[in-house]
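Here is a short briefing on how two protein chains meet and which side chains pair up. Look over the sequence and structure, then read the points by topic.

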Number of protein chains: 2
Amino acid sequence: MSHIPKTIERVIEEFSKLPGIGPKSAERLTFYLLRKTDDDIRKFGETISKLKEGIKYCEVCKNLTTEAKCSICEDLGRDKSTICIVEDVLDLIALEKANEFKGVYHVLHGLISPVEGIGPDELTITDLIDRVKNNDIKEIIIGLNPSMEGEATAAYITRFIKPFDVRITRIARGIPVGGDLEYADSQTLKRALEGRSEY
Amino acid sequence: MSHIPKTIERVIEEFSKLPGIGPKSAERLTFYLLRKTDDDIRKFGETISKLKEGIKYCEVCKNLTTEAKCSICEDLGRDKSTICIVEDVLDLIALEKANEFKGVYHVLHGLISPVEGIGPDELTITDLIDRVKNNDIKEIIIGLNPSMEGEATAAYITRFIKPFDVRITRIARGIPVGGDLEYADSQTLKRALEGRSEY
């Protein structure tokens, strides 16, 4: 790639570093941008530069926000006594899009993973326990992925929350809507049968 | 997505505009960046902002360059009497990676496409004809995609070049019809160059 200007090569390089973007896609994205106006390109660059500007963790739920509390925790219409525990903000966004949950969240910013050297102290579990201790919480919904790390993290958290008078639930495991039973793995089918409901 | 800070939302929006990046991927990319240091993010943004800085067309072949002539046209080791015509710089990069071609290029920056309203005047065809007229060119290799637009552009160019004493060839159809030259692997491109035939 020595036959193209350095400034272009650098953008291809930066794009290649992003997850799921190979060298060919990085080239395509870069040359797509090259066809944009100077203004559009500058605007794109500046938007990225400002990504983290003023961003901090919500002091209650650890969601990302520019204020002391995030918009969900500030929302008077949300039920503060029901907390859904999620791994990261992407999961929170996904749940919000479903437009079903009217409680609040607690974002762990990861899962316990001995393999990756992530212990409970790297996460926001202590904040969660304090939150349960100091507030009138009625239900904790565990909204973690059904992976090994998700299960381990759920077990760890449950142990600390059990002593309080709190209902602990977890989101249902089963066949995704629109998914095909035939292609579901045995573990999913097992969970789907266990969690069956009245027709 | 009203529950996340505006600066983050804007980056997701910008990523979504890129070709091949859907809303979910845009979210993933953005949150991947969020885990980077402030410095890394700023560097990424600045690199993009500078993408077009000092970039112009090579006065000979219309490749992108920061100098009057691109590094290929400046290279004394390249055969200036053999010109390979390509649609865009991505195709030039792909051919260079095959490391087979020792001539020079002519970048059209598009193909004739009545559907998209692109006529010969939108491309660098006049420059190409001048180049053939005023230099001792021995061979023109047509390195365009075997699409309808590629064929039409090849036919148009050939009509103007035929009167000159120039051998006109095209890269072999080792590239599947309907496929994209840019995505061909180096070996296929090498074969395609070796097996070029008289136009």
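## The two chains and their interface

In this model, 54 residues of chain A are in contact with 57 residues of chain B. The model is predicted. Together the two chains bury about 5100 Å², with 71% of that area on carbon and sulfur atoms. Three residues stand out on the chain A side: A:H3, A:L51 and A:K52 supply 14% of the area that chain A buries against chain B, more than any other three residues.

**Make-up of the interface**

- Across the interface, 12 residue pairs are in polar contact, with both residues at pLDDT 80 or more.
- On chain A, the elements that give two or more residues to the side touching chain B are α1 (6-17), α2 (23-34), α3 (38-49), β2 (64-65), α4 (71-74) and α5 (89-98).
- The most comes from α3(A), with 10 residues.
- By residue type, the side of chain A that touches chain B divides into 25 nonpolar, 12 polar and 17 charged residues.

**Salt bridges between the chains**

- Side chains of opposite charge can pair when their charged atoms come close.
- Six salt bridges are counted between chain A and chain B.
- One of them joins the side chains of B:K97 and A:E27, at 2.7 Å from N to O.
- A:K97 forms a salt bridge with B:E27, and the closest N and O atoms are 2.7 Å apart.
- A:K97 lies in helix α5 of chain A and B:E27 in helix α2 (residues 23-34) of chain B, so this pair joins two chains.
- How accessible are A:K97 and B:E27? A:K97 counts as partly exposed, at 46% relative accessibility. B:E27 counts as buried, at 2%.
- The side chains of A:D38 and B:K52 also meet in a salt bridge, at 3.6 Å from N to O.
- A:D38 sits in helix α3 of chain A, and B:K52 in the loop between α3 and β1 (56-57) of chain B, so this pair too joins two chains.
- A:D38 is partly exposed at 47% relative accessibility, and B:K52 is partly exposed at 25%.

**Salt bridges in the whole structure**

- Over all chains, the structure holds 20 salt bridges.
- A:E14, A:K17 and B:K43 are linked in a network of salt bridges.
- Within chain B, the side chains of B:D39 and B:R42 meet in a salt bridge, at 2.6 Å from N to O.
- B:D39 and B:R42 are three residues apart in helix α3 of chain B, so about one helical turn separates them.
- B:D39 counts as exposed, at 52% relative accessibility. B:R42 counts as partly exposed, at 39%.

**Aromatic pairs**

- A search of the whole structure finds six aromatic pairs over all chains.
- A:F15 and B:F44 form an edge-to-face pair, 6.0 Å from centre to centre with 90° between the planes.
- Why does this pair join two chains? A:F15 lies in helix α1 of chain A, whereas B:F44 lies in helix α3 (residues 38-49) of chain B.
- Both A:F15 and B:F44 are buried.
- The rings of A:Y156 and A:F160 have centres 5.0 Å apart and planes at 50°, so that pair is tilted.
- A:Y156 and A:F160 both lie in helix α7 (residues 148-161) of chain A. They are four residues apart, about one turn of the helix.
- A:Y156 is partly exposed, with a relative accessible area of 21%. The cut-off for buried is under 20%, so 21% places A:Y156 in the partly exposed class.
- A:F160 is partly exposed as well, with a relative accessible area of 34%.

**A buried loop residue in chain B**

- Where is B:I171 found? B:I171 is in the loop between β6 (167-170) and α8 (186-194) of chain B.
- B:I171 is buried, with a relative accessible area of 5%.
- Not counting residues up to four places away in sequence, B:I171 touches B:I141, B:I142, B:G143, B:L181, B:A192, B:L193 and B:R196.
- B:I171 and B:E87 are 84 residues apart in sequence, and 13 Å apart in space from C-alpha to C-alpha.

Technical notes. Residues numbered from 1 in each chain as written. Chains lettered and ligands numbered in written order. Predicted model: local features only at pLDDT ≥ 70, side-chain atom pairs only at ≥ 80, totals over all residues. Heavy atoms only, no water. Contact = heavy atoms within 4.5 Å. Buried area = accessible area lost by both parts, 1.4 Å probe. Salt bridge = Lys/Arg side-chain N within 4 Å of Asp/Glu carboxyl O. Polar contact = N/O pair within 3.5 Å; in protein donor to acceptor, adjacent residues only side chain to side chain. Nonpolar A, V, L, I, M, F, W, Y, C, P; charged D, E, K, R; others polar. Phe/Tyr/Trp six-rings, centres within 6.5 Å; stacked < 30°, edge-to-face > 60°. Buried < 20%, exposed > 50% of the residue type's maximum accessible area, 1.4 Å probe, protein only.
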